[in-house]
Amino acid sequence: MDFTLSEKTLERKARARQWVEEVLDPLCAPLEEEERLPKELVAELRRGEFFGLTIPPEYGGHGWTAVEWLSVLEELSRGYATVRMIAHTMNGLFWRPLEAFGTEEQKRKYLPGLASGESWAANSLTEPEGGTGKDINARATKVEGGYLLNGHKWLITTFPGYTTLYYAFASTEEGVTAFLVDAPTEGLDLVPMEKMMGCVGPRHYNVLYRDCFVPEKNILGEKGQGLEVAIGMLHLSRTSIAFGCVGLAQKMLDLAVAYAKKRSTFGKKIATRQAVQANIAQMGTEIEAARLLAYKAAWKFDQGLDIVADAAMAKLFAEQVVTRVAEMALRMHGGVGYTQAYPLERHFRDARSFHFEEGTEEIQKLLIARQLLR
Ligand SMILES: Cc1cc2nc3c(=O)[nH]c(=O)nc-3n(C[C@H](O)[C@H](O)[C@H](O)COP(=O)(O)OP(=O)(O)OC[C@H]3O[C@@H](n4cnc5c(N)ncnc54)[C@H](O)[C@@H]3O)c2cc1C
């Protein structure tokens, strides 16, 4: 296994880091301050190499491999969490089910818009009355020419005005079925959730399907294959979350190191204290271990190998690491790190969302144990 990144990938990584710091971050302030996605930010995302990076060129994308893309996502994860989420979902989660299960007509209809960033997508899976994303209470009733969807999804990451495609999962006679719902449309209503702890920006949403008509041709995959679509999309996506954790953890370590070199107590920089150095060493080591697990899963995906356990392990470990690093970096900042004077306060809150995205720690452990017990 060779993890040497090509010159081209290293250049893209360096460019992404510079772009986040110099261009994106200054445009992102309204996300936190006004819970608003500024138009200038969206224009900048659509202008650069941000959308369609992994979508195959025949559908308007750049066709990057998982390793190429995720090593860049690591850099994008150093900035504002909402932008990381858009990058993660639009380049990973949202187009792959179409590639794997879509008809040629569906691919031609949706992929070019997703590749250019003109249309965005959302995954409406989680429900208030179900549990951890897999129990589906939403129903799809057969009517002439298609189905009527009824159900309540919540915690859904979506951007009204930009999101024009919803993946919806609902029970039919054949079992859970996946639908492609074009938005806006009658019977699909959005109600904002309460403000989140982190990943602040436009709210996440309750998505209410009320007699929402979906034509038969918008079924994704076979009827009854919905859980396969829903769960299948999560494996690489978990690897992507692992890279997100690594990127944010590295950013917090960098901030902690910079602070430790600047802050003096009892006449000496705190970076010279062995207790502080031990924490820095611990953080660096854990981040590197998480990075290696993430690269291994991405590399295996590119080789066409099974990554179910690798992706769950990478996500599980990286999420634990980013949580521990957030804690250590906060302590190293002293009391001022607990204020909004430093970006660490925001990163600390943002880090908590990784626990839930693409399944909790307990669910990753279930997946890993199932593989190990086979
Ligand atoms: C920032 C953010 C963005 C999100 N975006 C989306 C989105 O775009 N689309 C979407 O569909 N969802 C989204 N979600 C929802 C997210 O996927 C779920 O919150 C997550 O999968 C957990 O499901 P749940 O909330 O139903 O928790 P529950 O299933 O109610 O779990 C509660 C607790 O019980 C544990 N638990 C549950 N079942 C088991 C079990 N069998 N064994 C052991 N422990 C168990 C869980 O690990 C957890 O600790 C988002 C959530 C967040 C925080």
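# Notebook: helix packing and domain contacts

**Entry 1. α9 and α10.** I started with this helix pair, and I see α9 pass α10 in a left-handed crossing. The model is predicted, so I keep to computed geometry. α9 covers residues 234-262 and α10 covers residues 274-302. I looked up their packing angle and found about 155°, with the axes 9 Å apart. Angles over 145 degrees count as roughly antiparallel. That makes α9 roughly antiparallel to α10.

Next I listed who meets whom. On the α9 side I noted L236, T239, A242, F243, C245, V246, A249, Q250, L253, V257 and A260. On the α10 side I noted V276, I280, M283, G284, I287, A290, R291, L293, A294, A297, A298 and F301. I then sorted the residues of this contact by class: 19 nonpolar, 3 polar and 1 charged.

**Entry 2. α10 and α11.** I stayed with α10 and turned to α11, residues 308-333. The two helices pack at about 160°, and their axes are 9 Å apart. α10 and α11 are therefore roughly antiparallel to each other. I checked the handedness of their crossing and found it left-handed.

From α10, the contact takes V276, N279, M283, E286, I287, A290, L293, A294, K296, A297 and K300. From α11, I wrote down D310, A311, M313, A314, F317, A318, V321, R324, V325, M328 and M332. By class, I have 16 nonpolar, 1 polar and 5 charged residues for α10 with α11.

**Entry 3. α1 and α4.** I moved to α1 (residues 7-27) and α4 (residues 66-76). Their axes come within 8 Å and cross at roughly 25°. Angles under 35 degrees count as roughly parallel. α1 and α4 are therefore roughly parallel to each other. I noted a right-handed crossing for α1 and α4.

α1 brings T9, R12, K13, A16, R17 and V20 to the contact. α4 brings E68, S71, V72, E75 and L76. What is the class make-up of the contact of α1 with α4? I get 4 nonpolar, 2 polar and 5 charged residues.

**Entry 4. Domains.** I looked up the domain assignment. It gives domain 1 as 7-116, domain 2 as 120-224 and domain 3 as 233-372. How far apart do the C-alpha centres of domain 1 and domain 2 lie? I find 23 Å between them.

I then looked at the contact between these two domains. Domain 1 puts 19 residues in contact with 17 residues of domain 2. On the domain 1 side, the elements giving two or more residues are α2 (29-34), α5 (81-93), α6 (96-101) and α7 (104-116). α5 gives the largest share of that side, 6 residues. I sorted the residues on the domain 1 side into 12 nonpolar, 4 polar and 3 charged.

**Entry 5. Whole protein.** I count 13 helices and 10 strands in the protein. The C-alpha trace spans about 80 × 45 × 40 Å along its principal axes. With 374 residues, a compact globule would have a radius of gyration near 21 Å. I find 21 Å for the protein, which agrees.

Notes: Residues are numbered from 1 along each chain as its sequence is written. This is a predicted model: local features need pLDDT of at least 70, side-chain atom pairs count only at pLDDT 80 or more; totals for chains, interfaces and linings use all residues. Domain bounds come from an automatic or database domain assignment. Two residues are in contact if their C-beta atoms, placed from the backbone, lie within 7 Å. Helices (H or I, at least four residues) and strands (E, at least two) are DSSP runs, numbered from the N terminus. Ala, Val, Leu, Ile, Met, Phe, Trp, Tyr, Cys and Pro count as nonpolar, Asp, Glu, Lys and Arg as charged, and the others, Gly among them, as polar. Axes are lines fitted to C-alpha atoms, for helices over the stretch in contact, and angles run from 0 to 180 degrees between N-to-C directions. Angles under 35 degrees count as roughly parallel, over 145 as roughly antiparallel, 65 to 115 as roughly perpendicular and the rest as oblique. A crossing is left-handed if the near helix is turned anticlockwise from the far one by less than a right angle, and right-handed if clockwise. The radius of gyration is taken over C-alpha atoms; the globule rule is 2.2 Å times the number of residues to the power 0.38.
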